[in-house]
Amino acid sequence: MTRHAGYGMSQTCRAMVECIFGWGKQHGTIRKTKHRGRDRVLGDFLNLIDYNLVRIPKLIAA
């Protein structure tokens with residue numbers, strides 16, 4: 001399985017996604033949903049937008 005080129009690409013994408021959710025759990029509010037209702041839960045996941053705002057300066061510098 002690891003000899004296929006797609007596997008390496010998959011692992012790269014997986015690492016990027018895990019990084020985003022790890023940041024959200026550690027610094028954001030998605031550790032555990034404490035609300036009921038779509039609008040309130042959506043507010044918890046808006047911190048992923050914050051993650052992108054944190055990344056923008058690093059992306060511009062690169």
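Let's start with Phe-21, which sits in helix α1, the stretch covering residues 5-26. This is a predicted model, and the protein in it has 3 helices and 0 strands. Going from the N terminus, the order of elements is simply α-α-α.

**Phe-21 and its surroundings**
- Setting aside its neighbours within four places in sequence, Phe-21 is in contact with Ile-30, Phe-45 and Leu-48.
- Take Leu-48 from that set: 27 residues separate it from Phe-21 in sequence, while the C-alpha to C-alpha distance between the two is 8.0 Å.

**How α1 meets α3**
- Helix α3 spans residues 47-61, and its axis and that of α1 come within 10 Å, crossing at roughly 110°.
- An angle of 65 to 115 degrees counts as roughly perpendicular, and α1 and α3 therefore fall into that class.
- As for handedness, α1 passes α3 in a right-handed crossing.
- On the α1 side, the contact is made by Cys-19, Ile-20, Phe-21, Trp-23 and Gly-24.
- On the α3 side, the residues making the contact are Asn-47, Leu-48, Asp-50, Tyr-51 and Val-54.

**Two asparagines in α3**
- Asn-47 has its place in helix α3, and it is one of the residues through which α3 makes the contact with α1.
- Is Asn-47 buried or exposed? Its relative accessible area is 6%, and because anything under 20% counts as buried, Asn-47 is buried.
- Asn-52 and Ile-20 are 32 residues apart along the chain, and their C-alpha atoms are separated by 8.9 Å.

**Surface and burial**
- The protein has 62 residues, and buried ones make up 10% of them.
- Its accessible surface comes to about 5500 Å², with 60% of that belonging to carbon and sulfur atoms.

- Across the protein, pLDDT averages 78, and 89% of the residues score at least 70.
- Which element has the lowest mean pLDDT? That's helix α2 (residues 38-45), with a mean of 75, whereas α1 has the highest, at 82.

Conventions. Residues numbered from 1 in each chain as written. Predicted model: local features only at pLDDT ≥ 70, side-chain atom pairs only at ≥ 80, totals over all residues. Heavy atoms only, no water. Helix = DSSP H or I, 4+ residues; strand = E, 2+ residues; numbered from the N terminus. Contact = heavy atoms within 4.5 Å. pLDDT = per-residue confidence, 0-100. Buried < 20%, exposed > 50% of the residue type's maximum accessible area, 1.4 Å probe, protein only. Areas by Shrake-Rupley, 256 points an atom, 1.4 Å probe, with all protein chains shown as cover. Axes fitted to C-alpha atoms, helices over the stretch in contact; angles between N-to-C directions. Parallel < 35°, antiparallel > 145°, perpendicular 65-115°, else oblique. Left-handed = near helix turned anticlockwise from the far one by under 90°.
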